Amino acid sequence: MSQVVLETHNLLKRYGGITPTNDVSIKVEKGARHALIGPNGAGKTTLVNLLTGVVEPTSGRISLDGQDITQLAPHQRVRRGIVRTFQINQLWNELTPLQSLALTVSAQLGISHTWWKPLGSDPRVAERCAVLLKQFRLDDVMDQKVSVLAYGKRRLLEIATAIASEPRVLLLDEPVAGVPEGERQEIFDTINALPPEVTILLIEHDMDLVFNFARTVTVLVNGTLFAEGDVASISTDPRVKAVYLGEG
Ligand code: ATP
């Protein structure tokens with residue numbers, strides 16, 4: 001039987017007269033390839049912000065493995081394995097991919113780095129970084145500064161950094177936003193190859209990418225859960241086509 005990892009219960013968020021999350025109850029199953037879609041302003045990012053704890057709900061609850069985490073701070077949720085990437089990439093421009101990954105891997109392995117040793121020089125850190133750099137096709141640019149990398153490579157590094165912290169649930173907020181068409185598939189190839197035990201909730205606008213990735217799709221419209229189901233049912237649902245697919 002499938003097991004629910006992350007769940008929202010009648011989640012509601014209000015900003016004055018705007019309700020970006022309106023009584024949303026969703027279940028994300030263990031190992032899911034679950035996509036969250038909806039027109040601009042539907043409340044997708046707000047839901048991710050609520051799940052990660054950077055935004056507090058007005059009412060409702062969030063649970064992880066059946067335990068209420070609604071009151072936990074973002075860093076406490078990260079410790080429990082909920083990790084996200086952002087719609088707009090957030091990396092240190094002055095570091096290289098190797099150094100960026102080494103920081104996260106060192107923290108993950110409980111290894112404190114010292115200023116007189118290069119980042120990533122510990123053999124355990126170096127070994128793990130080498131695997132990640134290869135997995136995310138960053139080995140050819142591992143020593144270049146992030147600031148000079150192609151945008152697609154930066155997005156790959158962001159996902160690699162999230163994976164370096166060994167998430168149980170990975171929330172991907174528009175991982176190819178701003179990425180040129182030609183570099184998008186490479187990113188989705190690596191996303192599609194992530195280990196099956198990592199539960200993934202993806203926000204994405206490109207329906208071809210969504211339908212190739214997801215098994216379950218939740219559609220939000222105006223903050224409300226509008227439709228939910230497997231890819232076959234959502235991609236052929238005339239109501240969904242009318243509000244969303246028809247747009248693109
Ligand atoms: P997009 O696809 O364009 O990224 P989205 O589905 O992620 O959109 P949200 O960014 O969650 O949608 O926004 C949903 C609604 O909530 C929008 O109308 C937005 O303006 C509003 N909103 C989000 N955050 C705030 C805030 N801090 N204060 C006021 N309104 C907000």
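Guide: Strands E1 and E2 run antiparallel and are joined by four bridges. Two strands pair if DSSP finds at least two bridges between them. The model is predicted: local features need pLDDT of at least 70, side-chain atom pairs count only at pLDDT 80 or more, and totals for chains, interfaces and linings use all residues. Residues are numbered from 1 along each chain as its sequence is written, and side-chain values use heavy atoms, with hydrogens and water left out.

Visitor: Which residue stands opposite Asn22 in E2?

Guide: Leu12 does. In the hairpin of E1 and E2, two residues lie between the strands, and Gly16 takes a positive phi near 55°.

Visitor: Which strand pairs with E1 over five bridges?

Guide: That is strand E5 (residues 59–64), in the antiparallel sense, with Thr8 opposite Ile62 in E5. E1 (residues 4–15) also pairs with strand E3 (residues 27–29), again antiparallel, over three bridges; there Val4 stands opposite Glu29.

Visitor: And where is Ser25?

Guide: Ser25 sits in the loop between E2 and E3. Ser25 counts as partly exposed because its relative accessibility is 35%; buried means under 20% relative accessible area, exposed over 50%, and partly exposed in between (1.4 Å probe, protein chains only). The C-alpha atoms of Ser25 and Leu12 are separated by 9.5 Å, the two residues being 13 apart along the chain.

Visitor: Changing topic: in what order do the six strands of the open sheet come?

Guide: The order is E7-E8-E9-E4-E10-E11, with mixed pairing. Strand E7 (82–85) and strand E11 (224–230) stand at the edges with a single partner strand each, so one side of each has no neighbour in the sheet. Within this sheet, neighbouring strands are turned by 15° against each other on average, direction ignored. Here axes are lines fitted to C-alpha atoms, for helices over the stretch in contact, and angles run from 0 to 180 degrees between N-to-C directions.

Visitor: Do E4 and E9 pair in the parallel or the antiparallel sense?

Guide: Strand E4 (residues 33–37) and strand E9 (residues 199–203) pair in the parallel sense, over four bridges. Ala35 is opposite Leu202 in E9.

Visitor: Now the ligand. How many residues surround it, and which are the closest?

Guide: The ligand is surrounded by 14 residues, the closest being Gly41, Gly43, Lys44, Thr45 and Thr46; a residue counts as near if one of its heavy atoms lies within 4 Å. Helix H1 (44–52) and strand E2 (18–24) each supply at least two residues of this shell, and H1 gives the most, with three.

Visitor: Which side chains have a polar atom by an oxygen atom of the ligand?

Guide: Among them are Thr46, at 2.5 Å, and Asn40, at 3.2 Å. An N or O atom in the side chain of His205 is 3.0 Å from an oxygen atom of the ligand. The protein covers 62% of the 640 Å² of accessible area that the ligand has on its own.

Visitor: Why is H1 largely enclosed?

Guide: Eight of the nine residues of H1 are buried, so the rest of the structure largely encloses this helix. Lys44 and Thr46 are among those buried residues. Gly53 follows H1 and has a positive phi, near 90°.

Note on methods:
Polar contact = N/O pair within 3.5 Å; in protein donor to acceptor, adjacent residues only side chain to side chain. Areas by Shrake-Rupley, 256 points an atom, 1.4 Å probe, with all protein chains shown as cover.
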